[in-house]
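Please consult the sequence and the model shown below while reading.

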4 protein chains.
Amino acid sequence: MCGIVGIVDAGGASIKLYYSLYALQHRGQESAGISTFDGTNLHKFKGAGLVADVFSPPVLSDLKGDAGIGHVRYPTTGANLPENIQPLNFQFREHSISVAHNGNLVNTAELRSGFEQAGQIFTTTTDTEIIAKILMDEISTFGSVEEAVKVCMQKIRGSYSVVMMIGGIIYAFRDPLGIKPFCIGKTERGYMVASESVAIDALNAKLLRDVHPGELIRIDSEGVKGTRIAVPGKRAHCIFEYVYFARADSIIDGVLVYDVRRRIGQDLFKEDPVKADSVCSVPDSGTAYAIGYAEGSKIPFVESLMKNRYMGRTFIMPSQKEREKAVRIKLNPIPAHLKDKSVVLVDDSIVRGTTSKRIIELMREAGAREIHMRIGSPAIKAPCYLGVDMPTREELIASNREEDEVRHKITATTLRHVSLDSLVEAIGIDREDLCTGCLTGCYPLAIEGERAKTHEIDFIDATYQAKLGSFEEPDPFSF
Amino acid sequence: MCGIVGIVDAGGASIKLYYSLYALQHRGQESAGISTFDGTNLHKFKGAGLVADVFSPPVLSDLKGDAGIGHVRYPTTGANLPENIQPLNFQFREHSISVAHNGNLVNTAELRSGFEQAGQIFTTTTDTEIIAKILMDEISTFGSVEEAVKVCMQKIRGSYSVVMMIGGIIYAFRDPLGIKPFCIGKTERGYMVASESVAIDALNAKLLRDVHPGELIRIDSEGVKGTRIAVPGKRAHCIFEYVYFARADSIIDGVLVYDVRRRIGQDLFKEDPVKADSVCSVPDSGTAYAIGYAEGSKIPFVESLMKNRYMGRTFIMPSQKEREKAVRIKLNPIPAHLKDKSVVLVDDSIVRGTTSKRIIELMREAGAREIHMRIGSPAIKAPCYLGVDMPTREELIASNREEDEVRHKITATTLRHVSLDSLVEAIGIDREDLCTGCLTGCYPLAIEGERAKTHEIDFIDATYQAKLGSFEEPDPFSF
Amino acid sequence: MCGIVGIVDAGGASIKLYYSLYALQHRGQESAGISTFDGTNLHKFKGAGLVADVFSPPVLSDLKGDAGIGHVRYPTTGANLPENIQPLNFQFREHSISVAHNGNLVNTAELRSGFEQAGQIFTTTTDTEIIAKILMDEISTFGSVEEAVKVCMQKIRGSYSVVMMIGGIIYAFRDPLGIKPFCIGKTERGYMVASESVAIDALNAKLLRDVHPGELIRIDSEGVKGTRIAVPGKRAHCIFEYVYFARADSIIDGVLVYDVRRRIGQDLFKEDPVKADSVCSVPDSGTAYAIGYAEGSKIPFVESLMKNRYMGRTFIMPSQKEREKAVRIKLNPIPAHLKDKSVVLVDDSIVRGTTSKRIIELMREAGAREIHMRIGSPAIKAPCYLGVDMPTREELIASNREEDEVRHKITATTLRHVSLDSLVEAIGIDREDLCTGCLTGCYPLAIEGERAKTHEIDFIDATYQAKLGSFEEPDPFSF
Amino acid sequence: MCGIVGIVDAGGASIKLYYSLYALQHRGQESAGISTFDGTNLHKFKGAGLVADVFSPPVLSDLKGDAGIGHVRYPTTGANLPENIQPLNFQFREHSISVAHNGNLVNTAELRSGFEQAGQIFTTTTDTEIIAKILMDEISTFGSVEEAVKVCMQKIRGSYSVVMMIGGIIYAFRDPLGIKPFCIGKTERGYMVASESVAIDALNAKLLRDVHPGELIRIDSEGVKGTRIAVPGKRAHCIFEYVYFARADSIIDGVLVYDVRRRIGQDLFKEDPVKADSVCSVPDSGTAYAIGYAEGSKIPFVESLMKNRYMGRTFIMPSQKEREKAVRIKLNPIPAHLKDKSVVLVDDSIVRGTTSKRIIELMREAGAREIHMRIGSPAIKAPCYLGVDMPTREELIASNREEDEVRHKITATTLRHVSLDSLVEAIGIDREDLCTGCLTGCYPLAIEGERAKTHEIDFIDATYQAKLGSFEEPDPFSF
């Protein structure tokens, strides 16, 4: 999981990319990078760490130019190599090219091997480099970015929101199933694309709409243009973006994430009402759900676990045998709110179950009598291959356990996950248009060793497309 | 404002000091330091930045020994010098001495000048160095730490919680008025003192009680001992610790801070009921108040300003003319929760008024119809000389303005501060035992150019004290 | 100009590469890098700065494995980009590949463009990446490194000593003209190649011989093998390595550099005897020459310019208008050795002439009466395209000036360069086997816009080569 | 051993201090510091490492003001603490004070204890802090710096060249025996003092004269003034400054160090002529001696050990069992100059003998037939208590061994030290005016457990001094 941004704005790109990436920081804290183009030269800077640590004022002022792209990276096992930090920057003919990617391909090995047969070498272990190679290869064949993106979409399989800068032009495209979020904004003197709308808000810019699945967006100093490259029979928006990954104040595919979570909170009560003295959340992931629960149940919302706000990436964890202390250092229970109380504890999801177990233990030590755990997602039964860094089936506590077995493991008094039906209704998108792979084990595209109900994709003929025009939304782009 | 800790624990001090300081990080983000003693040598490390940035695992493992003290420092104008980072470390005869201090003296100039007349030199601009010099001077005269602390308390005027390590013994004392918080805890294999109880919680240790005003605590590997050096007629606990400074989950002088704030939230509604669609807070300072308000008013609590959790100290602020953007980057309003709504906005206090004004503007841009601002403290009328870094009267928006003038300035629909009576009642400590200098302009000790209602202090005769014994709480210290 | 090393030694590679690179530090101070292979994984580390600054003990111990290559890089205008730091590391099929290069290609643009036509992208601006791409391309066609290197040698034009690691095998090859130095050594438990013999000395290893022009060396854990890929009609060893670039204690193509310089010093006196009180050098570049001059002339060698030994890369130079001070800070004249004296001042070469002029001025200020400048190389008339970072003709003081005009410019009493004949004789290699491009403007290979007397190269047929065997020196490789 | 500088120059102090300290870098590589005063504020910066690493352009431009002092520190066992980095900076009354010191006191413990009895605390373990405390104490008593320095000189015993800045005035004084060097220079728009004349040369300033033993120099924006505080019967200039410590191009107490060393080289041949093929030195310490030897003997000087010029403080030394490699990495022998040769090897001194032994072994491995070692100082028999960091008697190879035993230990063919008579004559200062403690075991001042022939010192009466005037050299100070 990562966050990406691209912008062309007459007032300069770098500080705007900085603020946008900062707004997307929750999508990746491992590294950050920005590339800009000033009409003549590519400028670039990237490093390990948070946006605010990687960039300094002199660095930003060296990143000259009105066009640029940026990336924040989520830590993923085995990929933490300096050369993998994005955007990747290349030379191709006379052009400087930068590419950044959010998502995950599932046919990487096969694509990579094809290039290697042809004698090509790789400098990173990223999917992004494969995407870049395909694009450059096809651009050199067809001479058209549109055709190249079409061939690329036909070759690669997986989730991908990609932003690419060639010279001063930003190209952005989203996979035909629209798995990862991607949206378009109007800035004061230009346009931008970003993983989530909060990056657009951060610039006081205007959210225009989402990038359509299978669409290619082109931004230059003249304006913005959308071209539909592929049209899916059904979409496959990631359900976990709503549940956990996206910021609560983002609007994804037309839906405010916060309200999805609040509605789920209300549903959690409706689906299995419980009597309790107070509702509390695991901060911050469970808070919107808990507030919804309190609203729906009329049980007062009382903060009973205080989160230390200064937890940095350099924080020293205690030794293995003292692990349970770590939770206490991050989350301090308030005995006065727990002693002899029956409490509803709300969180967004349970993955391995270890953290939930430790939190419940902490609350019991602080005197809680009953702990009714309520979870804002159905039980996670299967891994994700499409960009969410989830563990294997073996590590997923619910992959082969019933809800009550999980309850027993985490030592809760009761445990309820929201139903998939309620979740889908809360999101408000047709169930067929959502990827529920991690909940059902059935994926929207072919993955080796897994069940899939693949969605058909129509690739649009370039000539035909030229006639259409209608794919270029007349309205939002006609300012 | 700063945070201090001292510990003697047979399992080693440094990692425990690290976690404790981390729990006190809200009391100071400018610098952090730890000194330990291993029976033979003093070990010390300090640096600018957050606890998690200053200390690394090798540094902590070099800080050997079972005894140690730590400090986090709040940024204060003009004092950001490397040599001022605490604990201060000295050599005195064959002893290594470390001292750390939370508070502020008001007769510094006079004390300093006395030493300089006698040819002494200063290496820092801290009050802490003055305190250390007085103590060493008197110890060399009397040979007794108790006597030295007594003379010191007679000489210095102001707020001070001090922790000092001489060899492997920790001495801790709190000013006779008990202005700054200071408490004692029982760790697994030793004892500790800390500015707030959350530092004790972080070690899964047990809060014993507060350090009494005017009391000297001594911790060594044998145990803990309390000696009453001075007894005030009335105390003067800082009211602002409850309102703003302390962590909500701390228990100060017997009172859980969170509940003080929640009660105030309820009072804010009771004192002037208003009709509105929702209650929201300025996160995180106003949240406990807002939850209390929602409880009291039955108006739903809805988060409408989302805080970016990654704001680091190195974050680059936009240029002066783009300042209003900064608020937006930190706090993103959710239009869906604000558009055409009447909203109660709750915060803990208004100092200069500039931030409140910008937040209200943001909410109006997002479409809010009415914004009823409610403040968890009475209007701040006067500066603080006793350790809270507050601006001058000129900069305090309320120092010479009525509530309605302030409301007009910050463009709120309505504005109410909680009454001093309600605040005192919510805290539950006698009004005479609280310092309300910033609210009333009347201070508990003599400050040049200000009104004061000074509290009398009895210094206890050493002989008499020896007889007493009762000052050494028989119960908690008799493990 | 750069320095390269490759090694396979059963005792581990990294610390040996570290010492070897350190011995080659004079060949490049801008950056340093090491890649190693442990049988399974590639380990790599590189950074800007000196070898001793880039590598730390933990870094070296993470560079596991018995095989490895290293590189130090000379600062070259416009190429100071982090991604250009060598060795370059690639993924090719299942292999990890590292490549490092000393030299300069003259048909880069053409080669690069060929790849780009085919849709390939570049991640650096180095010749090294081009060489790597050609090699991988050909290896994937022929399946043989020997064939690939042959095709590569046929395609690329310029100077190149290349070391490449594929899995745990080190391949090293030198261009068919042998422009840059490259030699082979026997370590305690393996073999190595390095730019200069001092890198072999540093490991207390044994210099076996030079890599032949056009030869490919292969080192693995079994031993070393040489294969002749190409044989030149004439060689073209860089004359400037002897004059300036190489360390005085290196043996290049059989010749001890120090003695070349000492003999030139003697010749400088013989070619134009002068009477003087003392001989001094510009330290350290002129010292071996000056000692030779003193021997030849019987004029005493007296150090009269003392060099500050602590000049680091971070040294702050004075502002432009105070430039002359900079020389004084680096070189302090000793008035007692100069006042009213006639002095022979010896240096290796004059490039722009500005430093010589400033030094002579310093000596005059210190009272020198006569300054007879003697130069260990003929006048530099033309630029170098083959790896020595020399300025353009416009900046070369002697490119269009007679010796006496140069003398006048630099304000010397007299000035003499050694003759090309003496220089060639001192080196002891046939004049036809040396590259004298910078002295004559006539180069050993085609360079656009320059005169060339190109050397023919025979590429050896692989079948024929297999029969030969004799190219694999029976003696040195038969341990 | 350390290096110090003080300056008042109308053109700004910091860059000049930087260049001066850089010229004194050989006197200390462990840390560097500068303090300046701009008429109102003290500015200061110091850190571990070389001058060129500690200071950057922005740091230097923040060090505002025309007056300033600087210090470079030599690593000394046990004193490598951040707080010990000089200059030390203090507050005393309204004044900012900075002090830096070169030398070593022998009655530290006693002085320190006196202060501690009086309740004073120490923040460093330096002699410098003791000197500062005495001075401030006395200034507060007498109100006169002259009187304070007189009392200070009466109290402290040892070697000390001290530079102190009070407000914008620089005070500098040298101990009454003149043990450590100290000299005065005229800069373009001001005056300076420095440990060695090379620091004056570095600014293109003019060496005026040495600071007299027992003299106090005062520099302000008006000019310079010298006051004689104490006059010794005999002086005790450190003999080791001439032999080893000072830079060869420095002039100390009127004598050019280089020529002392060259003369000793000549004497080494005269005292015991030997036949050999060549003379070489241990670079760089033995070079001036070797050149003198070659001149005296007519045996050619041939460099046979090449020094790696990039040895930084961060260089990683090989493991203990590979120690001998370390010498080879620093010093590479040239076999072509050594094989079957009889060689004179010249160095300045032998301390522990381990390095000499390893070098001789290296030369033998390279084929040397005979190695005649010649040493520019008499055998070192006793430790130094006065500022040269020398080992104990146990570690000194010659402390209880005859010359031939030492020769045997280091495996030289022959070994000769220069005689003390020749050394004294080469220096040209009366033997009674030199400290030869390390050679004779007899010191010029009382040291516990050692023999001493103490020199009497007259402290000059202030009234008398006022009449004198003659102590203020009329000539050099009357520009």
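## Sheets of chain D

Ile170(D) stands opposite Ile219(D) in β12(D). The model is predicted: local features need pLDDT of at least 70, side-chain atom pairs count only at pLDDT 80 or more, and totals for chains, interfaces and linings use all residues. Residues are numbered from 1 along each chain as its sequence is written, chains are lettered from A and ligands numbered from 1 in the order in which they are written, and side-chain values use heavy atoms, with hydrogens and water left out.

Strand β8 (residues 169-174) of chain D is joined to strand β12 (residues 215-220) of chain D by four bridges, and the two run antiparallel. Strands here are DSSP runs of E with at least two residues, helices are runs of H or I with at least four residues, and both are numbered from the N terminus. Two strands count as paired if DSSP finds at least two bridges between them.

β8(D) and β12(D) belong to an open sheet of six strands with antiparallel pairing, in the order β5-β6-β7-β8-β12-β13 (chain D). At its edges stand β5 (88-92) and β13 (223-228) of chain D, each with a single partner strand, so one side of each is left without a neighbour in the sheet. From one strand to the next, the twist averages 20°. Helix α5 (residues 127-142) of chain D packs on this sheet and touches β5, β6 (95-105), β7 (158-166) and β8 of chain D (contact: heavy atoms within 4.5 Å). The direction of α5(D) makes about 130° with that of β6(D); axes are lines fitted to C-alpha atoms, for helices over the stretch in contact, and angles run from 0 to 180 degrees between N-to-C directions.

An open sheet of seven strands, also in chain D, has antiparallel pairing and the order β3-β2-β4-β1-β10-β9-β11. Its edge strands, β3 (42-48) and β11 (206-210) of chain D, each pair on one side only. Neighbouring strands of this sheet are turned by 15° against each other on average, direction ignored. Within the sheet, β9 (residues 183-187) and β10 (residues 190-194) of chain D pair in the antiparallel sense over five bridges, and Lys186(D) stands opposite Tyr191(D) in β10(D). Helix α1 (residues 14-23) of chain D lies across β1 (2-9), β2 (31-37), β4 (67-73) and β10 of chain D, at about 155° to β2(D).

## Cysteines

Over all chains, the count of disulfides (pairs of cysteine sulfur atoms within 2.5 Å) comes to zero.

## Chain A and the chain pairs

Chain A contains 17 helices and 27 strands. For its 479 residues, a compact globule would have a radius of gyration near 23 Å, and chain A agrees with 23 Å; this radius is taken over C-alpha atoms, and the globule rule is 2.2 Å times the number of residues to the power 0.38. Buried residues make up 63% of chain A.

No contact joins chain A and chain D, whose closest C-alpha atoms lie 13 Å apart. Chain B and chain C do not touch either, with their nearest C-alpha atoms 13 Å apart.

Key. Buried < 20%, exposed > 50% of the residue type's maximum accessible area, 1.4 Å probe, protein only.
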